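The sequence and structure come first.

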Amino acid sequence: MVSLKEKMIHRALLLLSERKVDAVLGFQRGTIPMMSHPILIRHPEGADQLHWDSFCSTNLANYLPQRKERIAIFAKGCDSRNIVLQILENQIKREQLYIIGVPCQGMLDRRKVQAELNGRELLGVRETSQHLHLLGEGFMDSLERSSYLQENCAICTHRNAVIHDELLVEPVLEQEGVDRYEDVRAIEAMTASKRWSYFEELLAPCIRCYACRNACPMCFCPVCFVDESTPQWLGKSIDPTDTKTFHFLRAYHLAGRCTDCGNCERACPMSIKVRQLTKKLEKDILELYGYEAGLSLDQSPPLDTYSPDDPQEFIR
Amino acid sequence: MENPYLPYPVRIDSVVTETEDRNLKTFKLIFLNSADREKFIHRAGQFAELSIAGKGEIPIGIASSPTEQEYLLFTVNKVGVVTTALHQMSAGDVIGVRGPLGNWYPWEQMEGKNIVIIGGGFAFTTLRASIVYLLHPDNRSHFGDITVIYGARTPGMLLYKDELAAWNERDDIRIHITVDAADDPNWQYNVGFVPAITQEKAPSAKDAYAVVCGPPIMIKFTLPILRELGFPEERTIMSLEMRMKCGVGMCGRCNIGGEYVCKDGPVFSLTQLSQLPGEY
Amino acid sequence: MADRVIKKSEFIELIDRLLESYRVYAPVRQQDMTNFQEISAADQVDLSLANTTMSPKSIMLPQSETMFEFNVDKTSDQAAILRETEKDLSPRLIFGIRPCDAKAFQLLDLNFDTVAYKDPWWVARRKTTTLMGLACNAPCSTCFCTSVGSGPFAPEGLDLLLVDVDDYFLIQVITEKGEKLLNEEGIETEAAGAMKQAALASEKSSLQSIKSVVSAASLAQHDTKTLFDSDFWEEVQFACINCGVCTFVCPTCWCFDIQDEVHKDNGIRLRNWDSCMFPLFTLHGSGHNPRAQKLQRLRQRFMHKLKYFVDKYDKGVACVGCGRCVQQCPVNIDIREVFRLMND
Ligand SMILES: Cc1cc2nc3c(=O)[nH]c(=O)nc-3n(C[C@H](O)[C@H](O)[C@H](O)COP(=O)(O)OP(=O)(O)OC[C@H]3O[C@@H](n4cnc5c(N)ncnc54)[C@H](O)[C@@H]3O)c2cc1C
Ligand code: SF4
Ligand code: SF4
Ligand code: SF4
Ligand code: SF4
Ligand code: FES
């Protein structure tokens, strides 16, 4: 994907030297394989640090709330949806942003790849359009790209930026006929007690680091409810009840606001599938309100708004 | 092995509301076990962790002097969880005390010197301990002149009003009480901010140490005046505050640079502070 | 003390035997990672990954641990009086700990085992725990232990060090505590010259394979305030999301919080890992926060490890080069780069 990267550098250079923006938000090559590093570039000379590959999965929208300068941002489909929501929720102004859509083929999941290595150490990766080549001491494996997508990317139906000032390259074809909720239906089909133990197991390894929360572009409350002390809503140990309370309440707070960008899951050091919670709410919102988060600046999340034909009676 | 996290049980003997806004109360504490009392040997300037079972612990400067041997005094401002819980307690209730913790004003170095004590607001607590200590017959002769400048927002916000009045009557201590504003026509002391009064009264820096405790804004404007008056940094002493938990240098949160305020402080000279990052 | 040797097949039996007199902790597979856990049989051990995702610090400093218990029933004459919680301090063995992680315990001793105060639980656990380390024949590309006073075969902090040599483990005896364990279990066969040669060869090739190097030599000389005020923090901090992952996975991050919890009439005082990356860490009751900004919190982590600690103890940096933070930081903030910025 050298060409994408070069285009980015070119665009950044121009935007910065013409002072169209004060800064460009993009990625730098990571210091280890399958990693990337978000950077904010302020000077044209810095533009050549930009990098792009299938591990630039961090949602860059997470760096926007409350910024003051004019920023150009390279936005994948998911990033752009979070930007829409952030604009709707007054975290950043549309006029401040120059959004460069980066059509996305799905990002790769470094942990899935790691699992193939069986303890062997990866020293580098090379990408082609269909394959990921793994290089290590005495081995070179090739993986079929499509089998190692991040789970949210595999079921993504908005790979092109939904809002943009320009597109870096031609849009990619959107995936069609994707079943987004297979896993959610499986959980819904469980008996209550089975479901409870499913979530119990899911969250048992959690170390309460809150990386999932901090990685989320929609978790921008000035003080998160878990950090409040008067009153203190929940304990701070790794007591399972407190841990579950954190996750359940966080998920509810994202109902209709989560874009399924996967940034939470990606950040979790314990590889916990926290999207299992947000996806259920995403499905409910879709079924109840026909709403998909962050597709348009004209539609606020349903739980942020009131409309006379809301499905529930009690709110009228 | 002594467990440094285990508080001594104490009984609240009395509670005195100090200020007109009722936000500051002084708690007089008596040890449940006399053996604990004997172990608790402090110097003025140190603090202790007060423990409210079920609520948590708070670091509070020890307001009683080491010369007041039968009890401990703490004056507590109501701000958050633990201080509010403590304010709701009354005589007879049992709490815990852990300490004494931290260092103290440099009494060894200050011996034979003149002492200038400058305090503002409710940060007067360990200064009260210091004054009572200095005025004790056993100690008074070991120090030179004692000057105190103490200010609060209003007359009703002054701590230890009876003692202030009593000290004001003595001739072995010079005391300048001031308020930011007074609407009481009978107010017989100064009106003005602490820095201004310090400038006006201009205590001599000769052979003197200045001990300064107060809100950041007071400190900020008082230090330049002390410098003008000729107090060198090494004889300008301050007590700092950082959020604390363990109080014994282990939990890692109260550092300023490499110094743990709970263990290496809270008392620092300006010389020491000038070498640390200004992150407090 | 002469090196011993044991066949791997017998070693498995040894661990099973040791389970009778020790609580044994070892790396155990948890999906696609391994972590230290108390085991009940030797076959639970999984040494296939270079190191565990979480460091073994939780064995000495559990993420959440009860310190005291009390009741808040006002009618009781013991109300509000704290009692120390009973702990199981029976002998423990950590098997498979890497030299860097053992060295980390030694560094944490500087914090928890001081002249003025001793953390009773840390000190007791250190005393009752035997560390049977495993040398790293194949360090990761992110390991930089040799730059920070440890190494893939470094004995510091360990009681015994096992070296994997084909079908055998060569056992280096480092302390009397380790020797005692071997003697009690009758592991007395001394390693032959050829075995020692093989172990030495492994050590040499392992050392050579470490390509990741940082320099720490000038840290002590630099002026604290100059480092503190450096411009590079602005750049380093940009990507950080203050998630605290780096501090939780790190073997040399020890900060903790103390909390009270009450259920009905019974209460506990417990301590939990905390992180300088969290805003609550330093928030005053008044609302003032000396480290309110992300930059200040990130700077605190690195200044603490690479400067304050260096100056305070003169025992090097508070980092053992395990590379966990490098691998786990979701946005690739690489401490090796910060070493460079601070040291050079
Ligand atoms: C050395 C020292 C001496 C002090 N002396 C006094 C005194 O004499 N009188 C007085 O009223 N106050 C004093 N304070 C401040 C007092 O400790 C805090 O106001 C108090 O801890 C707030 O606790 P809270 O539970 O009500 O607040 P919350 O905001 O609910 O705080 C929760 C916890 O955080 C910690 N914490 C919060 N703020 C502070 C803070 N400013 N300093 C230290 N820890 C904090 C405590 O462990 C507290 O329990 C002193 C602080 C220090 C460091
Ligand atoms: S909850 Fe997770 S998937 Fe949803 S918006 Fe936040 S980071 Fe993205
Ligand atoms: S990132 Fe993972 S371990 Fe951390 S709080 Fe979220 S779910 Fe728990
Ligand atoms: S700072 Fe990083 S490399 Fe150093 S000991 Fe901690 S986790 Fe390991
Ligand atoms: S793991 Fe990375 S992003 Fe998270 S707090 Fe540490 S440096 Fe910041
Ligand atoms: S309060 Fe724990 S280190 Fe100072």
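Leaving aside neighbours within four places in sequence, B:R128 is in contact (heavy atoms within 4.5 Å) with B:A63, B:S64, B:S65, B:E68, B:L73, B:Y160, B:E163 and B:W167. B:R128 belongs to helix α4 (residues 125-135) of chain B and has a relative accessible area of 3%, so it is buried (under 20%; exposed is over 50%, partly exposed in between, with a 1.4 Å probe and protein chains only).

The model is predicted: local features need pLDDT of at least 70 and side-chain atom pairs pLDDT 80 or more, while totals for chains, interfaces and linings use all residues. Residues are numbered from 1 along each chain as written, chains are lettered from A and ligands numbered from 1 in the order written, and side-chain values use heavy atoms, without hydrogens and water.

In chain A, five strands (DSSP E runs of at least two residues) form an open, mixed sheet in the order β2-β1-β3-β4-β8, where pairing takes at least two DSSP bridges. Its edge strands, β2 (36-41) and β8 (166-167), each pair on one side only. Strands β3 (residues 71-75) and β4 (residues 97-101) of chain A run parallel and are joined by five bridges; A:A72 stands opposite A:Y98.

| Lysine | Ring | Distance from ring centre |
|---|---|---|
| C:K8 | C:F169 | 5.4 Å |
| C:K294 | C:F238 | 5.9 Å |

Technical notes:
Helices (H or I, at least four residues) and strands (E, at least two) are DSSP runs, numbered from the N terminus. A charge sits over a ring if NZ of Lys or CZ of Arg is within 6 Å of the ring centre and within 35 degrees of the ring normal.
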